[in-house]
Amino acid sequence: MDIFLEEAIKEAKKGLSEGGIPIGSVLVIDGKIVGRGHNRRVQNSSAILHAEMDCLENAGRLKAIDYKRATIYSTLSPCDMCSGAILLYGIKRVIIGENKTFKGPEEYVKSRGIEVKVVDNKECCNLMESFIKASPELWNEDIGE
C-alpha cells in the first residue's frame, strides 16, 4: 500500500478515536507530507472541518506553485466543499482510498484537469461502513442529509 495513503488512514483512525468521523487526509509535495488532518467536525463543533479542509489548514499558507506540485490523499472521496478547495488551490492530483460509501464530484474535478485516482482500499471502506452502520445520524449530518 502507498505510504501516504497509510498516513491518511492513521489520521482517519485518530479521528475515530477522538469520537469523530473516520476520514483522514494528507497533502504531499515533492514526496513529503506538508499537511495532515482528519474530520474534526464533531470534536471542534465545526461546520467545515472535513479531513481535507483540516489537512489544508494544517499545511498553512503555501504558494500557488507549491499547490500545483501537490497531491492530496483522502481516505474517502472528497465532497463538494473539499473538491472546491482542491480546485481553488490548483492541487493537480487526488488519490482516494474509496468511493463506495460516498462519492463526491469526481467527474467534475476530472473535467477541470485534475488527476483523480480511486484505489478501492478495503481498510478505508471497512472504516466507513462500520461507522455509518454505528452512527447513521452523525454521518448524515456530515454529508448534509
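Mentor: Two strands count as a pair if DSSP finds at least two bridges between them. Keep that in mind here, and remember that this model is predicted.

Trainee: Okay, what makes β3 and β4 a pair?

Mentor: Five bridges join β3 to β4. The cut-off is at least two, so β3 and β4 qualify as a pair. The two strands run parallel. If you want spots to look at, Tyr73 has Ile95 in β4 as its bridge partner. From β3 the chain goes through helix α5 (residues 80-89) and on to β4, a right-handed β-α-β crossover. Another spot is Leu76, which sits opposite Glu98 in β4.

Trainee: Why is that crossover called right-handed?

Mentor: Point the strands away from you and follow the path from the first strand over the helix to the second: clockwise means right-handed.

Trainee: What does β3 do with strand β1 (residues 24-29)?

Mentor: Those two pair as well, over five bridges, but in the antiparallel sense. Val26, for example, faces Tyr73 in β3.

Trainee: And how do you know that β4 (residues 93-98) pairs with β5 (residues 115-118)?

Mentor: Count the bridges: four join β4 to β5, and at least two are needed, so the pair stands. β4 and β5 run parallel. Val94 is opposite Val116, and Ile96 is opposite Val118. Here the chain passes from β4 through helix α6 (residues 106-111) to β5, and this β-α-β crossover is right-handed too.

Trainee: Why is β4 called largely enclosed?

Mentor: Because five of its six residues are buried, and buried means under 20% relative accessible area. For β3 (residues 70-76), the count is seven buried residues of seven.

Trainee: What makes α3 (residues 51-59) and α5 a packed pair of helices?

Mentor: Their axes lie 8 Å apart, at an angle of about 35 degrees. Glu52, Met53 and Leu56 of α3 meet Met81, Cys82 and Ala85 of α5. By class, that contact has five nonpolar residues, no polar ones and one charged.

Trainee: Are Cys124 and Cys125 buried or exposed?

Mentor: Check each against the cut-off of under 20%. Cys124 has a relative accessible area of 2%, so Cys124 is buried. Cys125 is at 10%, so Cys125 counts as buried too.

How values were computed. Residues are numbered from 1 along each chain as its sequence is written. This is a predicted model: local features need pLDDT of at least 70, side-chain atom pairs count only at pLDDT 80 or more; totals for chains, interfaces and linings use all residues. Side-chain values use heavy atoms; hydrogens and water are left out. Buried means under 20% relative accessible area, exposed over 50%, partly exposed in between (1.4 Å probe, protein chains only). Axes are lines fitted to C-alpha atoms, for helices over the stretch in contact, and angles run from 0 to 180 degrees between N-to-C directions. Contact means heavy atoms within 4.5 Å. Ala, Val, Leu, Ile, Met, Phe, Trp, Tyr, Cys and Pro count as nonpolar, Asp, Glu, Lys and Arg as charged, and the others, Gly among them, as polar.
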